[in-house]
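This briefing describes one protein model, with its points grouped by topic. Please consult the sequence and structure shown below.

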Amino acid sequence: MSHRIVIIGGGAGGLELASRLGRTLGKRGKAKVTLVDANLTHIWKPLLHEVAAGSLNSSTDELNYVAQAKWNHFEFQLGRMCGLDRATKCVQLQATLDEQGNELIPPRTIGYDTLVLAVGSTTNDFGTPGAAQHCIFLDTRLQAERFHHQLLSHYMRAHAEEGPAVAISVAIVGAGATGVELAAELLNAARELAAYGLDRIKPEDVHVTLIEAGPRVLPALPERISQPVHQTLTKLGVKVLTNAAVSDVTADGLHTKQGDFVPATLKVWAAGIRAPNFLKDLDGLESNRINQLVVRPTLQTTADDDIYALGDCAACPQPGTEGRNVPPRAQAAHQQASLLAKSIRLRLEGKPLPEYRYRDYGSLISLSSFSAVGNLMGNLTGNVMLEGWLARMFYISLYRMHQFTLYGVTRTLLLMFADRISKGTEPRLKLH
């Protein structure tokens with residue numbers, strides 16, 4: 001019987017790992033590789049802010065898990081993990097419902113010999129009153145599309161009415177990468193929508209407020225990056241509030257602990273992360289206060305050598321940082337998936353496992369078509385600061401590298417060619 005490798009979660013890390021293992025172990029019959037996800041398609045999570053603003057059409061940029069499984073010699077199972085039985089080595093999946101709420105797939109279990117948990121993270125609203133009721137999170141494609149539909153609805157309603165110009169206000173809680181990039185994309189979307197004739201809401205009447213509890217935007221990145229980003233946002237017309245912690249959210253806006261009120265038609269919460277709740281106390285596996293599974297440097301969980309965790313759902317120690325963990329970033333998930341693809345092969349051969357060491361290759365922040373800012377870090381280049389067109393090109397290349405890993409060189413080049421052609425035949429913004 002082939003060794004059973006089950007990967008839970010088809011995000012960037014989990015999907016890359018399944019594709020790599022399928023091409024190396026699954027194709028040769030050395031293991032049966034199964035990927036489990038609650039959705040049928042994959043969208044690279046760093047692009048969800050573009051889906052929300054409409055500058056990316058999720059229907060054309062999605063990856064189908066069933067097709068990817070066929071091309072890369074692994075099996076895909078539709079389902080959402082809800083429990084674990086380590087004694088019998090079984091993953092429990094909850095029932096899958098259709099759009100009408102009827103049971104499509106009954107609850108079931110999947111057996112494993114090696115289990116990899118790559119379920120990512122969700123937004124952490126820190127229990128702020130009203131946040132869950134009145135804010136949209138950007139954890140999934142459906143949430144991003146929900147925001148886009150609400151934005152378009154305001155434009156369509158204004159376009160159908162007569163009278164003076166209409167204003168719209170958007171408040172974004174959290175000035176991390178998602179919040180900053182969404183703010184810029186929304187201003188770009190306002191210009192594009194007006195250019196297509198939806199000009200009852202003029203670009204200057206789209207008021208975007210970015211609210212950050214810390215002293216500066218992009219608190220996880222160096223100040224030499226956050227400072228020019230803050231300046232660019234201000235020039236574009238974004239109102240940036242720092243040292244402003246949100247105390248509660250209402251239908252009309254947000255209150256801060258400093259006593260201010262930010263009126264908002266649309267509200268997005270993009271501050272903080274936590275791993276999914278079901279990971280807490282998952283059959284004895286050690287987890288931290290934000291539900292991440294605690295792993296050793298080999299990415300094995302502390303309680304079970306047969307279970308690994310990677311990406312945002314893993315609390316992986318980062319040597320030399322006074323007890324801090326590897327940051328929840330896309331490049332970390334990519335590095336961990338690459339390591340695990342080797343580690344699992346070595347484990348099947350009875351060889352010792354390598355330890356993960358996080359390497360920071362820099363950070364790039366896109367400010368839509370207006371600009372991009374970031375730095376690249378490497379042994380040859382050192383620490384190089386980038387701005388403008390060059391930074392934008394490097395930012396785009398990150399997504400292309402993700403595609404190269406999943407599709408291979410030939411298919412990715414064809415996708416790039418198709419994207420180039422479609423620019424002349426499709427609107428620059430999704431209008432539905």
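By class, 6 nonpolar, 3 polar and 2 charged residues line the largest cavity; here Ala, Val, Leu, Ile, Met, Phe, Trp, Tyr, Cys and Pro count as nonpolar, Asp, Glu, Lys and Arg as charged, and the others, Gly among them, as polar. The model is predicted, so local features need pLDDT of at least 70 and side-chain atom pairs count only at pLDDT 80 or more, while totals for chains, interfaces and linings use all residues. Residues are numbered from 1 along each chain as its sequence is written, and side-chain values use heavy atoms, with hydrogens and water left out.

**Cavities**

- A cavity is a set of points, on a 1 Å grid over the protein atoms alone, where a 1.4 Å probe fits but cannot get out; lining residues have an atom within 4 Å of a point.
- There are 2 cavities of 30 Å³ or more, where a volume is the space filled by probe spheres set on grid points joined across faces, edges and corners.
- The largest cavity holds about 60 Å³ of space, and its lining consists of His42, Ile43, Trp44, Asp61, Glu62, Leu63, Tyr399, His402, Gln403, Leu406 and Tyr407.
- Helix H10 (residues 388-407) supplies the largest share of that lining, 5 residues; helices (H or I, at least four residues) and strands (E, at least two) are DSSP runs, numbered from the N terminus.
- The second largest cavity holds about 50 Å³, and its lining divides into 5 nonpolar, 3 polar and 2 charged residues.
- Among the residues lining the second largest cavity are Gln292, Asp312, Arg329 and Gln336.

**The open sheet and its helices**

- An open sheet of mixed pairing is formed by 6 strands in the order S5-S2-S1-S11-S24-S23; two strands pair if DSSP finds at least two bridges between them.
- Strand S5 (75-78) and strand S23 (300-301) are at the edges and have a single partner strand each, so one side of each is left without a neighbour in the sheet.
- S23 runs antiparallel to strand S24 (residues 304-309), to which 2 bridges join it; Gln300 has Tyr308 in S24 as its bridge partner.
- Helix H1 (residues 12-26) packs on the sheet, touching strand S1 (3-8), strand S2 (31-37) and strand S11 (114-117), and its direction makes about 160° with that of S2.
- Axes are lines fitted to C-alpha atoms, for helices over the stretch in contact, and angles run from 0 to 180 degrees between N-to-C directions.
- Helix H4 (residues 65-72) lies across S2 and S5, at about 160° to S5.

**Helix packing around H1**

- The axes of H1 and helix H9 (residues 330-348) come within 9 Å and cross at roughly 35°.
- In the contact of H1 with H9 (contact means heavy atoms within 4.5 Å), the H1 residues include Leu17, Leu21 and Leu25, and the H9 residues include Ala337, Ala341 and Ile344.
- By class, this contact of H1 with H9 has 9 nonpolar, 4 polar and 3 charged residues.
- H1 also packs with H10, at an angle of about 35° and with the axes 9 Å apart.
- Ala12, Leu15, Glu16, Ser19, Arg20 and Arg23 of H1 make this contact with His402, Thr405 and Leu406 of H10, giving 3 nonpolar, 3 polar and 3 charged residues.

**Surroundings of Cys90**

- Cys90 lies in strand S7 (residues 90-94).
- Leaving aside neighbours within four places in sequence, Cys90 is in contact with Leu84, Asp85, Thr109, Ile110, Gly111 and Tyr112.
- The C-alpha atoms of Cys90 and Ala275 are separated by 21 Å, with the two residues 185 residues apart along the chain.

Terms used:
1 Å grid on protein atoms, 1.4 Å probe; cavity = no way out; pocket = protein on both sides within 12 Å on 5 of 7 lines; lining within 4 Å.
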